[in-house]
2 protein chains.
Amino acid sequence: MDAALGWLEDVAGRRLNDPTDPLLVSVRSGAPVSMPGMMDTVLNVGITDRCLDGLSSKSGSRRFALDSYRRLIQMYGAVVLGVPRQMFDRALDDVKQSMKQPREKTSGKCELERIVQAFKAAVLEHTGRPFPQDPQEQLAMAIDAVFRSWRSDRAECYRKLNGISESMGTAVTVQAMVFGNRGGKSGTGVGFTRNPSTGANEIFGEFLPDVQGEDIVAGVKTPMPIAEMANAMPDVYRELAVIARRLEDHFREAQDFEFTVEEEKLFLLQTRTAKRSGLATVRTAVEMAAEGTISRLEALRRVRPENISEAISSKLDMSDGASVLLTQGTAASPGVAVGQIALTAEEAVARANRGETVILVTKETTADDIQGMAVAAGFLTACGGSTSHAAVVARGMGKCCITGAKQILMDERVPGIRIGGKLFHSGDWLSLDGATGRVFEGQLPTLPADQENPFLDALLGWARNASSSSVRANADTPQDAIAARKAGAAGIGLCRTEHMFFAPDRLEHMRSMILAESVEERAEALDLLLPMQQRDFEGLFRAMSPLPVTIRLLDPPLHEFLPTAEKIDCEIAAAIREENLDYAGRLKNVRRRIEALAEVNPMMGHRGCRLSLSYPEILRMQVRAVLQAAATVAAEGHDPHPEIMVPLVATEGEMQALAQMIEAAAAETLRDCEQAIPFRIGAMIELPRAAVCACGIAKYVSFLSFGTNDLTQMTYGFSRDDARTYLEGYLQNGILKADPFRTIDREGVGRLMEMAVQSVRAACPDVKIGVCGEHGGDPESIRFFRSLGIDYVSCSPARLAVAQLAMAQAEMKADCEFTFEKLTAV
Amino acid sequence: MDAALGWLEDVAGRRLNDPTDPLLVSVRSGAPVSMPGMMDTVLNVGITDRCLDGLSSKSGSRRFALDSYRRLIQMYGAVVLGVPRQMFDRALDDVKQSMKQPREKTSGKCELERIVQAFKAAVLEHTGRPFPQDPQEQLAMAIDAVFRSWRSDRAECYRKLNGISESMGTAVTVQAMVFGNRGGKSGTGVGFTRNPSTGANEIFGEFLPDVQGEDIVAGVKTPMPIAEMANAMPDVYRELAVIARRLEDHFREAQDFEFTVEEEKLFLLQTRTAKRSGLATVRTAVEMAAEGTISRLEALRRVRPENISEAISSKLDMSDGASVLLTQGTAASPGVAVGQIALTAEEAVARANRGETVILVTKETTADDIQGMAVAAGFLTACGGSTSHAAVVARGMGKCCITGAKQILMDERVPGIRIGGKLFHSGDWLSLDGATGRVFEGQLPTLPADQENPFLDALLGWARNASSSSVRANADTPQDAIAARKAGAAGIGLCRTEHMFFAPDRLEHMRSMILAESVEERAEALDLLLPMQQRDFEGLFRAMSPLPVTIRLLDPPLHEFLPTAEKIDCEIAAAIREENLDYAGRLKNVRRRIEALAEVNPMMGHRGCRLSLSYPEILRMQVRAVLQAAATVAAEGHDPHPEIMVPLVATEGEMQALAQMIEAAAAETLRDCEQAIPFRIGAMIELPRAAVCACGIAKYVSFLSFGTNDLTQMTYGFSRDDARTYLEGYLQNGILKADPFRTIDREGVGRLMEMAVQSVRAACPDVKIGVCGEHGGDPESIRFFRSLGIDYVSCSPARLAVAQLAMAQAEMKADCEFTFEKLTAV
């Protein structure tokens, strides 16, 4: 420390502890990322009672000297000595209160002097020792505090959560102080080389005159946009623009930097990779690649899947015109949030645990609020701007945030808050639009995001080119398929045919089919369903030609198509009242059928391919509809590639029988059509047994697709319909690290998948292997699937963009799990 | 053939086709086991029109010559030439009818001559060729027919089902004929060296004078017990006894033999390992080992697990005195059968497929009936004796059989049958007691078998000594435990504690516990349940001391303990009618709780260890009850070894948390008791994930126990409650080879078990591994478990004997799957 300090003193031409002209320094963490629990900065280190006069005379302002001293005691006291911030707030209030007393006013001491005294008293009271009067001790303790904070529980937890290596460590930066609090020609600011919300290539940031850095970050005062500096300090602004460009050229990444202006002289204090919104991340990466600053691969690497989900996130729907605008603040982070008010971080955690969607509404946020912020859907603060804590965290988390909403009034003595004059309480609904900064009363509906984003389109195009595995979409209707095609889907990986039967006009025939008393009666009902299914399939094939469309045979148990027993009972009672006994009799038959079909555990019941084996006529109808549709569409000049997929296969014997049935039905249909349509047969691997015995099943198919939802259910014995009661407890108390229905369980379900893939690759290398569960849209799961060497995933159209990027990145990351971009992206 | 025939002619001193004194031969299969579809015997080969006179004059009886000729044509026609047996029956009827016409009587031909003519006509009619008149051709074709029958579909299927090697092949035996049909001093018989029903060491069998062998086997005529020969032909009988002893000494196994007496001269035609009842198999094996004829290991090897289940099978309960005895026939195979009448094999198959328990009631049975016999619970025939087809097959299958019940009248022209004068139809209930041969009207209750069998006890003692893996019993009550201990259980492998809660006095407290609105209220209810559980555990520990008792923590979802919503609705309605509104209000609370606890898929719901994690107070109560019981019993001088088993574990995290909770509750209890009771903690492996991740779970336990029922359910996604609808179809059409809930699915479930065992053995070699699903009582499954190297199985007390033998045999068979005893036991 001594050598470094010596060098610093040489450069500054001053010494610590020089009573006439002391060298003051700032101490800040040199870690390349800021993290909760880490000490960030202490300013003004070096001021003591002894040098206060020298500082006053040298700067020509006792007010400046005292202001700097009270800042030191407050900041140093809080972050180095651990004095609760409220003690300083209380001391400040006491001084202000006493200054109103006429007697006190005469005591001759100025307010700042009293504040310094009060703050020093607070330090003595809390620590039992006076505020340190040796500048060397101040410095050594501040440096030590930075290093210690690296090992704090919060910081360690954060690193673990974000996969940041413990071995990275931190540096400590000690800088000679420059002062933004030396009057109107001084000030401090935070800037971005690109707009952190939109990514536009323009300097963006904020500036506050006559303050030090913590004021702007804490959001205590509302700063001016950086662009206004062009008028207020044109030379400084020009210099800033030049430096900003140079920083970006050097780091080849958007920067956020802190600067101070001391009497119109510009000092750059720090620069880091900029935290920004998903939209901005995408645009910056794509534009930098277009400019040639970085490669396209690098651009792909820099965007995280979460950035994309955020970029394409939804909007508030105000089409009914009844929305009530309460206030407008700073649009600090885009996206929308509709949730219930929580007034503290603790309340947010408690309510989120009860399953509520929460909006954290506070005056401002600090690092202590991070857990509440993690569970909240969005943040609304009364103070701060677009670079205050809440804004920065929100953009990092991809959450909606509105800061500086001044029409929010909070009074701790009164329950609830006033927004735009109206009183709200914890639990009341608000709707935030982070893109505009507008706050609405109540629970507004939301609209899916506008997906027209040329930057994102470009990025995803590069992603598709970069990946050898492909991403398909799940689509049940021609509309879905058209959307999926537009979003770059490599095909339809899952069309759930039963969804076509739930439409009211079809449900009726479906029910007749189920209630049929003979094969003939059933065939009649199926004949009515066939053209409907065929029409849907035609739409799918047209939309996707020449890409493959995987059509799953009927999957749910038949009772799902029937009305409930209760409903029928009511109808029977009504029919009897109306003396319509004939009808009542028929209803009673229906009732009996419903009872016969009822199952104790429908998830493990008479469904999936078990239906096809019990009712071959349903399978025949579906195969016929698929191939007639393909033939029709082919005749129009399209190039349909139907894939018929069998759900819930457990044994080789089932698949052998079903493959024969499908082949037979197909041969018959194609003979009738007088056309040759290529089609493929596949099986879903969604039962543990199917995974263990995949090799035998693979003998009869050309593709396999893991249904990871059901596979997870059966492997864990967790019924998704029922598991909420205990699954949330499991996640809270850490028995489960992640929800296995969201992120694939590598250890258990993943091991079964691995067994299946390995055995099938060894025995049947031509069989394509995909994934069509919801995990197909989860980046972490996609990385795992890619490591297994699967050929494709299929996900919901809304997750396509995320999945495409995740798939490209999974390929890139195959041999290097930890990369620097991981660090800088946090 | 020529050389062999030459030798035979030399020995017999006669030639085939000698018109004055022809050599006649029998042709029979030389396979060491008879099997359906295989041609067994053709007698009298060599008779032609040309030698008929010579045969008559040489034997001194034209009747004998003609009788032998008609037998040849009939038997040869049927088995070699494939003429339907009914054609001969019809021809016989026609002749008998025509003999009643006075005109015909004058034609001078005797009845037998006419029958021979009619039979020859039938052969000509069916085959288009006259009955072969060249003895060489007859012989060659008969031999060829034997060889061909080895390859018949039925025989192949039988060999596959019974694991008989195709490479064994068959020989053909050609013997010079001796004739049992030469009058009163002649006859034919079948004998056993030991009683095939009881195993008693005495000659047993039947004899019919003046007939040939097929008459006795077909059960067409009712024979005399072999012992009566001692009076009728004392010299022959003495000789027979000497020969029987010599046969057994030679083959070191009970024999069944065929013999013919021709004019008081005894000829032995064939001997084979005797088919017999399970009881007889056990007694013979144990007595032979006691006599020193075979080793104890050989005795263990000779008894099949099925023999034991048959030996200890149940009896009819006639304690109410209301049973109606219809008739008594020959007690041909022991055991009881209570089922519905099926009058043909086809009907039996059809009705068994509908899930009915069927008793096949026929005049007699033939090999063609084998499929109907396979599905029937028992057989009742009007004809035949203890060696007729039905009797032999029944003993082989371990089924109850009564033959020769002469009070049964069947008339094809009238529907139904008369038994003891009463009319019965298909579907009417009968109860058979195979041990006494008595037939009762209706559906009698059955009693578990008397297990006092010194031979079986000895055998099972040897089995336990021969095996390094042990067999425990599942037992939920002290009574079960006492029975299990008596039957040689090595401990209790599964005590389902919830069964203790279903008793009416306990259910009430259980319900209060579930409906409790606070932890305190719940604790109160649990305090009432604790002493009850403790008392049960004390009984278990006393019964089993010093053997281990595995107690499973509460497993089923809580809603199983509550009344149904329908029932509560009725009670609410009643309370409202009675204006008991307060009570109705409380019931409505119950109703809400029932609704809240209802699950879509309870099998995969809030049950097993998930309950313990949600309601730790239940776990604490159970652990306390276990250890307080152990302490009490230890204070009495017993040596309890409690093992606490956690059900439905899916993850390592669960087991870690639960082990801590159990340890803590145990420490507290033992501190209160001021005793040190050793106890062990274990986990059930009954979810696919638990099998895949068993190694992690094993870190926190000292034993693991596969719950193969649930593991099979989850691995297949087959809910046992619902699977009947499709599972039976699967078994019928061969998609499944065996019911996976009966015999472990080696390929799928077994592979998961193998993974688990291997990983646990490698990482935690001290962890004991057992099986406590129902497969623990299935011999084939036990063989597989033993091959995995598991330490114990646990099964229902009723299966203990079978499992003990199966376990010993699994050990013996480890290196040799196919042994000759397998053949001879078929």
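Reader: Why does T260(B) count as buried?

Author: The model is predicted, and in it T260(B) has 4% relative accessibility. Buried means under 20% relative accessible area, so T260(B) counts as buried at its value of 4%.

Reader: What surrounds T260(B), and where is T260(B) found?

Author: T260(B) is found in strand β7 (residues 255–262) of chain B. Leaving aside residues up to four places away in sequence, T260(B) touches V178(B), F179(B), G180(B), G187(B), T188(B), K265(B), L266(B), F267(B) and L269(B).

Reader: What makes the approach of T260(B) to T188(B) a polar contact?

Author: The side chains of T260(B) and T188(B) are joined at 3.1 Å. A polar contact requires a pair of N or O atoms within 3.5 Å, and the pair at 3.1 Å is accordingly listed as one.

Reader: Why is strand β13 of chain B said to be largely enclosed by the rest of the structure?

Author: Strand β13 covers residues 358–362 of chain B, and five of its five residues are buried, so the rest of the structure largely encloses it. V358(B), L360(B) and T362(B) point one way, while I359(B) and V361(B) point the other way; all are buried. In a regular strand, side chains alternate between the two faces of the sheet.

Reader: How do you know that β13(B) pairs with β12 and with β14 of chain B?

Author: Two strands pair if there are at least two bridges between them. Three bridges join strand β12 (residues 336–342) of chain B to β13(B), and these strands run parallel. In this pairing, I341(B) has I359(B) as its bridge partner in β13(B). The chain passes from β12(B) through helix α15 (residues 345–353) of chain B to β13(B), a β-α-β crossover that is right-handed. Four bridges join β13(B) to strand β14 (residues 378–381) of chain B, again in parallel. There, T362(B) has T381(B) as its bridge partner in β14(B).

Reader: How do you know that β5 of chain B pairs with β4 and with β6?

Author: The threshold is at least two bridges. Strands β4 (residues 187–192) and β5 (residues 204–209) of chain B are antiparallel and share six bridges, with F204(B) in β5(B) as the bridge partner of F192(B). Strand β6 (residues 224–225) of chain B is joined to β5(B) by two bridges, also in the antiparallel sense, and F207(B) stands opposite M224(B) in β6(B).

Reader: Why are β6 and β8 of chain A called edge strands?

Author: In chain A, an open sheet of five strands has the order β6-β5-β4-β7-β8, with antiparallel pairing. Strands β6 (224–225) and β8 (265–273) of chain A each pair on one side only. Within the sheet, six bridges join β4 (residues 187–192) to β7 (residues 255–262) of chain A. The bridge partner of F192(A) in β7(A) is D256(A).

Reader: What area is buried between chain B and chain A?

Author: About 3,600 Å² is buried between them, and carbon and sulfur atoms give 62% of that area. In chain B, N601(B), M604(B) and R689(B) lose the most area to chain A, together 18% of what that side buries. The contact takes 43 residues from chain B and 43 residues from chain A.

Methods
Residues numbered from 1 in each chain as written. Chains lettered and ligands numbered in written order. Predicted model: local features only at pLDDT ≥ 70, side-chain atom pairs only at ≥ 80, totals over all residues. Heavy atoms only, no water. Buried < 20%, exposed > 50% of the residue type's maximum accessible area, 1.4 Å probe, protein only. Right-handed = clockwise from strand over helix to strand, strands pointing away. Polar contact = N/O pair within 3.5 Å; in protein donor to acceptor, adjacent residues only side chain to side chain. Contact = heavy atoms within 4.5 Å. Buried area = accessible area lost by both parts, 1.4 Å probe.
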